[in-house]
Amino acid sequence: AEYMGMMVLLREAVRRGKEVMVVLELKARFDEEANINWAEMLESIGAQVVYGVVGLKTHAKMLLVTRREGQHLRRYAHLSTGNYNPKTARLYTDLSYLTADAALTADIDNVFVHLASQSKLPRLNRLWLAPFQLH
């Protein structure tokens, strides 16, 4: 129930013809069953669900929106230490960063492509990603 608001928004995005990709970690402490249910619901509405990289912990809280503005595509990203969860948001002090910086959002896009395709991660210019740059 905590994430139902996010589910409603993702469902509406799919209904409007938007591509929605969610990276979801099935083996999350205490949340395995809930995450499996979320994955099934997301797939049933037409979202692409990616289950992370085998052997690596996927612990990022990232949101990326790419939209057409006139003749150009513009990316907006949100990075956070918090789980997009309204219940726990009231309990913790999390950091949140909203940006449209072209270099940073390009890096975030590359991370999503890497997670979705298991392709080699290209060189990132603004973002550090463990275990590749942080080890």
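Predicted model: local features only at pLDDT ≥ 70, side-chain atom pairs only at ≥ 80, totals over all residues.

Biologist: Fine. What order do the strands of the sheet have?

Modeller: The order is S3-S4-S5. It is an open sheet of three strands, and the pairing is antiparallel.

Biologist: Which strands stand at the edges?

Modeller: Strand S3 (61-69) and strand S5 (96-99). Each has a single partner strand, so one side of each has no neighbour in the sheet.

Biologist: And how big is the twist?

Modeller: From one strand to the next, the twist averages 10°.

Biologist: What holds strands together in general?

Modeller: Strands of a sheet pair through backbone hydrogen bonds.

Biologist: OK. How many bridges join S4 to S5?

Modeller: Four. Strand S4 covers residues 72-80, and S4 and S5 run antiparallel. Take Ala77 as an example: its bridge partner in S5 is Thr99.

Biologist: Which helix packs on the sheet?

Modeller: Helix H4, residues 102-117. Helix H4 touches S3, S4 and S5. Its direction makes about 80° with that of S4.

Biologist: New topic. How many salt bridges does the structure hold?

Modeller: Five. Side chains of opposite charge can pair when their charged atoms come close.

Biologist: Which residue forms a salt bridge with Arg75?

Modeller: Asp109. The closest N and O atoms are 3.5 Å apart. Arg75 lies in strand S4 and Asp109 in helix H4, so the pair ties together parts 34 residues apart in sequence.

Biologist: What about Arg67, what does it pair with?

Modeller: Arg67 forms a salt bridge with Glu69. Their closest N and O atoms are 3.4 Å apart. Arg67 is partly exposed, with a relative accessible area of 45%. Glu69 is partly exposed as well, at 29%.

Biologist: Now helix H1. Where do Arg15 and Glu12 sit in it?

Modeller: They are three residues apart in helix H1 (residues 4-15), so about one helical turn separates them.

Biologist: How exposed is each one?

Modeller: Arg15 is exposed, with a relative accessible area of 61%. Glu12 counts as partly exposed, at 29%.

Biologist: Which residues are linked with them in a network?

Modeller: Arg16 joins in. Glu12, Arg15 and Arg16 are linked in a network of salt bridges.

Conventions:
Residues numbered from 1 in each chain as written. Heavy atoms only, no water. Pairing = 2+ DSSP bridges. Helix = DSSP H or I, 4+ residues; strand = E, 2+ residues; numbered from the N terminus. Axes fitted to C-alpha atoms, helices over the stretch in contact; angles between N-to-C directions. Contact = heavy atoms within 4.5 Å. Salt bridge = Lys/Arg side-chain N within 4 Å of Asp/Glu carboxyl O. Buried < 20%, exposed > 50% of the residue type's maximum accessible area, 1.4 Å probe, protein only.
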